[in-house]
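I opened a notebook page for this chain and wrote down what I looked up, entry by entry.

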Amino acid sequence: MIGSLCSPTFSTGVSPSPPVRSVRRSLNQSGFLSLPGPGKRRNGRVGSSGSSNGGGFSARRFTIRCGAPSVVESEFSEKVLQSEPPVLVEFVADWCGPCRLMSSVIDWASEEYKGRLNIFKIDHDSNPKIIEEYKVYGLPAIILFKNGKEVPESRWEGAMTKAKLKEHLDSLLESTTVA
């Protein structure tokens, strides 16, 4: 997904479930359950869309697409550990809600720090050796690397605001010492 903007994308799959009083349930764009309002009738039934899914839930799968390119285990040494400028690595997963919240913040950082800092993301589920080696237990997680090593005090687990990330990165880039 190199070069694409950070934004959660949706793919809709339908899981059949028994109808409940002929009311079709679905997730709205924000991912919340939405029911038809009063007076919204189609085909003589409240909330019926004419589909044959039996009034089941619409399931959505989120995929994180980010301005920061992805790195896999085979590229990690070359792109992260052997990089001349410092590298910020974000560990993410498609199923992680806070990772989706951080996607726009990481996209902003990849533009804001372009030239001073390389930013990559690593999919948690696809890269178990890296996850085990760097002991990433919470998602999202960010780690700053310089000269092939983790910068002390650079690790952060959990979502953060743009202002907090800027404060964190600015303080790290001022004093990029490696243990």
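**Entry 1: the whole chain.** I began with burial: of the 179 residues of the protein chain, 35% count as buried. Buried means under 20% relative accessible area, exposed means over 50%, and partly exposed is in between, with a 1.4 Å probe and protein chains only. I noted that this is a predicted model, in which local features need pLDDT of at least 70 and side-chain atom pairs count only at pLDDT 80 or more, while totals for chains, interfaces and linings use all residues. Residues are numbered from 1 along each chain as its sequence is written, and side-chain values use heavy atoms, with hydrogens and water left out.

I then looked up the secondary structure and found four helices and 11 strands in the protein chain. Helices (H or I, at least four residues) and strands (E, at least two) are DSSP runs, numbered from the N terminus.

The accessible surface of the protein chain is about 10,300 Å², and 52% of it belongs to carbon and sulfur atoms. Such areas come from the Shrake-Rupley method with a 1.4 Å probe; for residues, only the protein chains shown count as cover.

For contacts between residues at least 6 apart in sequence, I noted that 73% join residues at least 24 apart. Contact means heavy atoms within 4.5 Å.

**Entry 2: helices α2 and α4.** I looked up how α2 (residues 97–112) and α4 (residues 162–174) are placed. Their axes come within 10 Å and cross at roughly 45 degrees. The axes are lines fitted to C-alpha atoms, for helices over the stretch in contact, and angles run from 0 to 180 degrees between N-to-C directions. The two helices are therefore oblique to each other. Under 35 degrees counts as roughly parallel, over 145 as roughly antiparallel, 65 to 115 as roughly perpendicular, and the rest as oblique.

The crossing of α2 and α4 is right-handed. A crossing is right-handed if the near helix is turned clockwise from the far one by less than a right angle, and left-handed if anticlockwise.

Which residues meet here? From α2 I listed V105, I106, W108, A109 and E112, and from α4 K162, L165, K166 and L169. The residues of this contact divide into six nonpolar, no polar and three charged. Ala, Val, Leu, Ile, Met, Phe, Trp, Tyr, Cys and Pro count as nonpolar, Asp, Glu, Lys and Arg as charged, and the others, Gly among them, as polar.

Entry 3: Is L165 buried or exposed? L165, in helix α4, is buried, because its relative accessible area is 0%. Leaving aside neighbours within four places in sequence, L165 is in contact with V105, I106, A109, I142 and M160. The C-alpha atoms of L165 and I106 are separated by 8.7 Å, although the residues are 59 apart along the chain.

E111 belongs to helix α2. With a relative accessible area of 52%, E111 is exposed. Its C-alpha atom and that of G67, 44 residues away along the chain, are separated by 8.2 Å.

**Entry 4: S83 and E78.** S83 lies in the loop between α1 (73–81) and β7 (87–92). S83 has 14% relative accessibility and so counts as buried. Not counting residues up to four places away in sequence, S83 touches E78 and N118.

E78 is in helix α1. E78 counts as exposed, because its relative accessibility is 55%. I also noted 9.6 Å between the C-alpha atoms of E78 and G148, 70 residues apart along the chain.

**Entry 5: backbone angles.** Most residues other than glycine have a negative phi, and most peptide bonds are trans. I looked for exceptions.

The peptide bond joining L139 and P140 is cis, with omega about -10 degrees. P140 is in the loop between α3 (128–133) and β9 (141–146).

K135, also not a glycine, has a positive phi of about 50 degrees. K135 is in the loop between α3 and β9 and is partly exposed, with a relative accessible area of 48%.

E153 is not a glycine either, and has a positive phi of about 65 degrees. I found E153 in the loop between β10 (149–150) and β11 (156–157). At 71% relative accessibility, E153 counts as exposed.
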